[in-house]
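I opened this model to jot down what I could look up about its confidence and its sheets. Notes follow.

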Amino acid sequence: MGNFFVRECIGGGVEEISYACERLVFGGRSRFQDILIVDTSLHGRMLMLDGVVQSCERDEFIYHEMLVHPAMFSHERPRSVLVIGGAEGATIREVLRHPSVERVVMVDIDGQLVDACREHLGAWHRGSFDDPRVTIVIRDARAFVATSDERFDCILVDLSDPDPGSPALLLFTQEFYGILKNRLCPKGCLAVQGEGISPQDCVLHARMVNTLRSVFDRVHPYTYALPSFHRPDADILVTVDPGWSLDRMVSRAREAKLPLSYLSPEIAAAAFSLPPYLRDAYKAHRERLVDAHSMKTGSSQGVFDADL
């Protein structure tokens, strides 16, 4: 048993989970959010932002391998990669496993969070911040991509949930996805953290998929389960390559023989098989997520009140 407990509200505040903790590693508030890093009895070291679990030492590899590698294997030879968010450094860690990568730009609005992760989450980043191929930009990601003329083979969007007051709110909208489209190279790929997909709470995911489909022609959700998130989750793969196929992506994964701990070629192939209830959700929740409603309400719920 731990020395104290940290509580997390989930499911829109209707449920609560308590984590037995052994040590407070870091606690403070940045300009944008509350930051808490604790050592837990079950999950190892844990990062929480505004009271919501973001990443845990003993299963973060599942989340980061699933976000990064399907997109990277969807490109024949990814050389340039943009990471939006990803303060823990584990997303760039996984990107750097690919020998073709020459340049990685990571953009995060919260420099204090990045500093805390660099100091206390070494098991996540494993020195990736110091790789000479990596450039860290502390800036609003939307402003960065809107003013940059650089194009990337792969873009990875690794964001916290668009909860009320979150700095990520305007990074889930149709307008933002349109900007990202202009930052992709020909045959480029985009992967987005796609939120939870439990039958009780899959509306945001469904609307993200439909918003992406309003901007891109090829949008492919895929699923996984992360014990510390207490729900099934999804990522969303987008490609502008008209020749993309699941078989080719899986074949590249098999040929690469990366020493991954979760994403095998077999899991990669199966992850794109979706349950019927999720396909029904895409039909039922077609509303696009747009800027105007997010700015008006300042909450993720407000983004949902978008136009068809």
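**Confidence first**

The chain's pLDDT (the predictor's confidence in each residue, from 0 to 100) averages 93, and 94% of the residues score at least 70. I'm working with a predicted model, where local features need pLDDT of at least 70, side-chain atom pairs count only at pLDDT 80 or more, and totals for chains, interfaces and linings use all residues. Residues are numbered from 1 along each chain as its sequence is written, and side-chain values use heavy atoms, with hydrogens and water left out.

**The 7-strand sheet**

I looked up the strand order (strands are DSSP E runs of at least two residues, helices H or I runs of at least four, both numbered from the N terminus; two strands pair if DSSP finds at least two bridges between them). I got an open, mixed sheet, β8-β7-β6-β9-β10-β12-β11. β8 (134-138) and β11 (219-226) are its edges, each pairing on one side only. Twist averages 15° from one strand to the next.

Helix α1 (residues 60-73) packs on this sheet, touching β6, β9, β10, β11 and β12, and its direction makes about 155° with that of β11. Axes here are lines fitted to C-alpha atoms, for helices over the stretch in contact, with angles from 0 to 180 degrees between N-to-C directions.

β11 pairs antiparallel with β12 (residues 231-239) over 8 bridges; Tyr224 has Asp233 in β12 as its bridge partner.

**The 5-strand sheet**

I also found an open antiparallel sheet, β1-β2-β3-β4-β5, with β1 (4-10) and β5 (52-56) at the edges. Its twist averages 50° from one strand to the next. β3 (residues 34-40) and β4 (residues 44-49) run antiparallel, joined by 6 bridges, and Thr40 is bridged to Gly44 in β4.

Notes
Contact = heavy atoms within 4.5 Å.
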